[in-house]
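Work through the exercises below with the sequence and the model open side by side. Each task is followed by a solution in steps.

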Amino acid sequence: MHIIDRRLNPGGKSLANRQRFLRRVRDVAQRAVREAARDKDIKDLGKDGNVTVPVDGVREPKFTRNPSTGVQDHILPGNKTYIEGDLIERPPGGGGGGGGSGEAGDGGADGEDTFRFVLTREEFLELFLEDLELPDLAKRRLAVVETATLRRAGYTVSGSPANLALGRTLRNSLSRRIALKRPKAAEMETLEEEIRALEESQPDAVILDELKAELERLRTRSQRIPYVDPIDLRYRRFEPYPRPVAQAVMFCLMDVSGSMTEHMKDLAKRFYILLHIFLTRRYKHVEIVFIRHTDHAKEVDEETFFGSRETGGTLVSSALVEMKRIIAERYNPEDWNIYAAQASDGDNVSSDGATSQDLLRTAILPACQYFAYLEVGDEGGPRAGFVEHRTTLWRTYEPVSKTNSVLAMRKVNHRRDIYPVFRELFARKAGQEAAAP
């Protein structure tokens with residue numbers, strides 16, 4: 001038996017070769033994905049995209065002849081110096097006759113520094129989350145596309161016998177039989193009784209023959225017009241449709257004063273990216289609001305949010321006041337599921353603690369589904385979970401978090417701790433959201 005696989009590969013490409021290539025360049029592609037993630041917007045991270053890979057990272061070992069040893073045969077054009085059978089002396093030092101090959105190699109290297117290839121959404125997320133020590137089960141959960149639900153969508157003329165709509169099929173059969181005037185069974189039984197009665201009495205041959213001919217005509221017509229025809233069959237039709245979900249808004253709050261280093265901002269961005277991926281799995285429509293602050297807060301775009309640095313003190317309550325204003329103007333808590341993530345190094349004016357606590361308790365937390373505070377530190381600090389020094393902002397938020405489960409707090413210093421911390425923050429909420437309509 002010979003089996004020929006005629007299934008089309010995605011996009012006309014060789015799927016097996018693509019998977020083999022990604023396994024071979026996994027380390028190089030992972031570094032390229034990390035660099036691309038720094039330049040990508042949060043909303044664009046989950047989309048397909050080009051990744052640039054150095055050509056040196058994908059070279060394969062291969063066997064070649066040693067030009068300085070062995071016997072080599074060449075076919076050369078005719079010339080005035082050599083004739084057939086002449087032996088050409090080997091160049092000294094094993095060279096190949098000048099520096100042409102070296103120059104060509106240098107030129108080739110200059111002209112072929114990098115190349116680009118396209119990663120799918122799942123491949124990009126797989127490589128992006130790999131360095132976060134993501135468990136396989138949770139990783140698949142983040143990468144799987146939302147499944148659709150089936151609903152009734154009328155009837156169709158073909159389908160599975162289990163989906164046969166008997167009522168609609170018999171109604172079509174009755175309509176067709178009436179339209180084509182199919183003989184009824186009672187009509188033929190009455191005619192048969194008349195024929196038997198005539199045969200038992202003094203039959204009139206002419207009338208008897210007419211009745212028999214009429215009965216045969218009715219039987220023939222009944223056979224030509226079946227009781228149930230294939231054109232009468234109707235099957236219940238189902239179509240997939242997206243699971244209806246509510247809309248959500250994601251507030252990103254971050255301190256952008258001089259004490260926030262690029263490493264701290266990178267930690268915050270990775271956390272925001274995971275939060276956005278998490279929300280887009282459960283909500284069809286997700287909006288993002290970026291609020292940066294020093295001693296005053298302002299709503300900005302994403303590029304300004306992560307790229308701009310300002311000088312001045314730190315006043316956390318200004319960001320909470322700005323968030324309160326935006327919620328009141330654009331995001332009614334009755335219509336929106338509100339999530340907030342705040343990243344800071346923990347600095348705050350000590351006199352601002354009471355104001356921040358009051359804003360959290362009375363205005364922010366009652367409107368939010370969840371509020372996550374991520375305190376970012378230097379890379380040389382301890383692993384997540386160790387709070388060796390309670391900053392001003394940590395001491396401000398800690399009493400609120402003990403009395404209100406909507407607020408959760410974690411401290412992160414290393415990039416590898418981002419996902420474990422994220423999973424701790426949203427493990428309980430994830431189960432609740434999955435069951436939400």
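**Exercise 1. Surroundings of S356**

Task: Find which residues S356 touches, not counting residues up to four places away in sequence, and decide whether S356 is buried or exposed.

Solution. 
Step 1. S356 lies in helix α12, residues 353-364; helices are DSSP runs of H or I with at least four residues, strands are runs of E with at least two, and both are numbered from the N terminus.
Step 2. With residues up to four places away set aside, S356 touches V316, S317, L320, N348 and T396, where contact means heavy atoms within 4.5 Å.
Step 3. The relative accessible area of S356 is 0%, so S356 is buried. Buried means under 20% relative accessible area, exposed over 50%, and partly exposed in between, with a 1.4 Å probe and protein chains only.

The model is predicted: local features need pLDDT of at least 70, side-chain atom pairs count only at pLDDT 80 or more, and totals for chains, interfaces and linings use all residues. Residues are numbered from 1 along each chain as its sequence is written, and side-chain values use heavy atoms, with hydrogens and water left out.

**Exercise 2. Two helix pairs**

Solution. 
Step 1. Axes are lines fitted to C-alpha atoms, for helices over the stretch in contact, and angles run from 0 to 180 degrees between N-to-C directions.
Step 2. The crossing of α11 and α12 is left-handed, that is, the near helix is turned anticlockwise from the far one by less than a right angle (right-handed if clockwise).
Step 3. On the α11 side the contact is made by V316, S317, L320, V321, M323 and K324, and on the α12 side by T355, S356, L359, L360, A363 and I364.
Step 4. Sorted by class, this contact of α11 with α12 has eight nonpolar, three polar and one charged residues. Ala, Val, Leu, Ile, Met, Phe, Trp, Tyr, Cys and Pro count as nonpolar, Asp, Glu, Lys and Arg as charged, and the others, Gly among them, as polar.
Step 5. The crossing of α7 and α8 is left-handed. Residues in the contact include E187, L191 and I195 of α7 and L208, L211 and L215 of α8. By class, the contact of α7 with α8 has nine nonpolar, one polar and seven charged residues.

**Exercise 3. The six-stranded sheet**

Task: What is the strand order of the open sheet of six strands, and which strands stand at the edges?

Solution. 
Step 1. The order is β7-β6-β5-β8-β9-β10, with mixed pairing; two strands pair if DSSP finds at least two bridges between them.
Step 2. β7 (297-300) and β10 (407-412) stand at the edges with a single partner strand each, so one side of each is left without a neighbour in the sheet.
Step 3. Direction ignored, neighbouring strands of this sheet are turned by 20° against each other on average.
Step 4. Strand β5 (residues 248-255) pairs in the parallel sense with strand β8 (residues 337-344) over seven bridges, and M254 has A343 in β8 as its bridge partner.
Step 5. β5 also pairs in the parallel sense with strand β6 (residues 286-293), over eight bridges. C252 stands opposite F290 in β6.
Step 6. β9 and β10 run parallel and are joined by six bridges; Y373 stands opposite M409 in β10.

**Exercise 4. Burial of β5 and β10**

Task: How many residues of β5 are buried, and how many of β10?

Solution. 
Step 1. Eight of the eight residues of β5 are buried.
Step 2. In a regular strand the side chains alternate between the two faces of the sheet.
Step 3. Both faces of β5 are covered, with A248, M250, C252 and M254 buried on one side and V249, F251, L253 and D255 buried on the other.
Step 4. Five of the six residues of β10 are buried, so β10 is largely enclosed by the rest of the structure.
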